[in-house]
Amino acid sequence: MSSSRIFNSLLFKIIVAILLGIVCSFFFPEWLARVFVTFNSLFSGFLGFFVPVLIFALITPAIASLGRGAGKWLGITVGIAYVSTIVSGLIAYGVAVGTYSWLLADQQLFEAADIDEGGLAPYFTIEMAPPFEVMSALLLAFTVGIAMTAVKSDTLMSAADELRSVIMKVIEKFVIPLLPPFIFGMFLSMGMNGNLTETLSAFLKVLVLATLMTWVILILQFLLAGSYAGVNPFRALKNMLPAYFTALGTSSSAATIPVTLKSTRNNGVSESVAGFVIPLCATVHLSGSMMKIGLFAFAVMYLTGAELTFGMALGFILMLGIMMVAAPGVPGGAIMAAVGLLQSQLGFDESQIALMIAAYVAIDSFGTACNVTGDGAIALTVNKMARGDIGGEKYNDPMLEERAGA
């Protein structure tokens, strides 16, 4: 990766923002700090307004597109990808319950949102009421998306695609560029309020744990896929390493597709299966992203003393698995899609959201690498199914190619 690309990456800007926020918290006067607190208040208000719109605009065409190409193999592949993503979230919950009691035992509970105490209040606030709630946006997206499929409305589909393009442009050109100053202001606030040391110490442990767990997820996926497909799981995983390391460098599932396809073919997956499964799973399979968001979210709740029941965690995981499918192909897209759920289902405030974004982006490429490498395990599974007899309908390559092109 070239130096210019590194300096222009979101990860580099986030790291710089965090470091500057920490350093500036030692000497910034209160009046100047309140300028950034005011910016954070306004930006957070905009996110609250924008997230429901984002959910509707991204999920509606995604649901409609899946419906239009619906076929047996599409349903099987999406089903496996979704189950894999959900299982990853459930494992994250189990790891959090089993480890946080001792891993984070020496950490004091912090209140990341404590910006008003100590004088760091915004100079002014602006109420930005969202057009509808997060759950309303999700239900509306499902309803409209399915209805568009039923009536085969090309006009609505074209409008939904254009709306999605507009929203993605807002994310790329407005939201993402403003994340570094937003995170700078949050770490500045935490530093001046005296709760920064506990926060960083706790999340460093969680960052390491999340990275390790993405490797564990990959091993489990290939053990299961290899056992079912009758191939050596470790050899299959080794063949996928070029895709893994490419994703580490690009942080993009879409940009890694050519390498993922080649690696998958090296595992003996047929060309038509690989050409269908890999591009599809680049959108719908997000086990690595689920693991990171789950561990980070549950850590925030543990450290703040918030109640987290299995029912709450399960509902969050099931909904997150759906919402991340519509995550745009930009750095941090999955966490932006998750913001609405973090607020509505887990009760996160603006500073906790900022902490989640910073932690997620810090190891974004490891989650992406887990996602695309796991796509190879799904391709092995579908390839084995396609060579057998499913529901009395024999598989042949032309049929699957027709499904892929639908």
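These legends cover several close-up views of one predicted model. Residues are numbered from 1 along each chain as its sequence is written, and side-chain values use heavy atoms, with hydrogens and water left out. In this predicted model, local features need pLDDT of at least 70 and side-chain atom pairs count only at pLDDT 80 or more, while totals for chains, interfaces and linings use all residues.

**View 1. Aromatic pairs, with F46 and F174 in focus.**
The structure holds 15 aromatic pairs. F46 and F174 form one that is edge-to-face, at 5.1 Å centre to centre and 80 degrees between the planes. The pair joins distant parts of the chain: F46 belongs to helix α3 (residues 30-68) and F174 to helix α6 (residues 154-192), 128 residues apart. Rings of Phe, Tyr and Trp (its six-membered ring) pair if their centres lie within 6.5 Å; planes under 30 degrees apart count as stacked, over 60 as edge-to-face and the rest as tilted. Helices are DSSP runs (H or I, at least four residues), numbered from the N terminus. F174 is partly exposed, because its relative accessibility is 38%. Buried means under 20% relative accessible area, exposed over 50%, and partly exposed in between (1.4 Å probe, protein chains only). Elsewhere, ring pairs link F27, F28, F36 and F184 into a cluster.

**View 2. Charges over the rings of Y123 and Y360.**
R34 lies over the face of Y123, 4.2 Å from the ring centre. K292 lies over the face of Y360, 3.6 Å from the ring centre. A charge sits over a ring if NZ of Lys or CZ of Arg is within 6 Å of the ring centre and within 35 degrees of the ring normal.

Helix α15 (residues 350-362) has 13 residues. From first C-alpha to last it reaches 18 Å, close to the 18 Å expected at 1.5 Å a residue. The expected span is 1.5 Å times one less than the number of residues. Of the 13 residues of α15, 11 are buried, so the helix is largely enclosed by the rest of the structure.

**View 3. Helix α11, mostly covered.**
Helix α11 (residues 271-284) has 14 residues and reaches 20 Å from first C-alpha to last, close to the 20 Å expected. In α11, 10 of the 14 residues are buried. Among them are S272, F276, C281 and V284.

**View 4. The second largest pocket.**
About 330 Å³ of space lies in this pocket. Its lining has 16 residues, of which I80, S84, L220, Q221 and L224 lie nearest the centre. By class, the lining has 11 nonpolar, 5 polar and no charged residues. Helices α4 (72-103), α7 (196-229) and α16 (364-386) each supply at least two lining residues. On a 1 Å grid over the protein atoms alone, a pocket is an open set of points where a 1.4 Å probe fits, with protein on both sides within 12 Å along at least five of seven lines; lining residues have an atom within 4 Å of a point.

**View 5. Buried I217 and A64.**
I217 is in helix α7. I217 is buried because its relative accessibility is 4%. A64 is in helix α3 and counts as buried at 0% relative accessibility.

Notes:
Grid points are joined across faces, edges and corners, and a volume is the space filled by probe spheres set on the points. Ala, Val, Leu, Ile, Met, Phe, Trp, Tyr, Cys and Pro count as nonpolar, Asp, Glu, Lys and Arg as charged, and the others, Gly among them, as polar.
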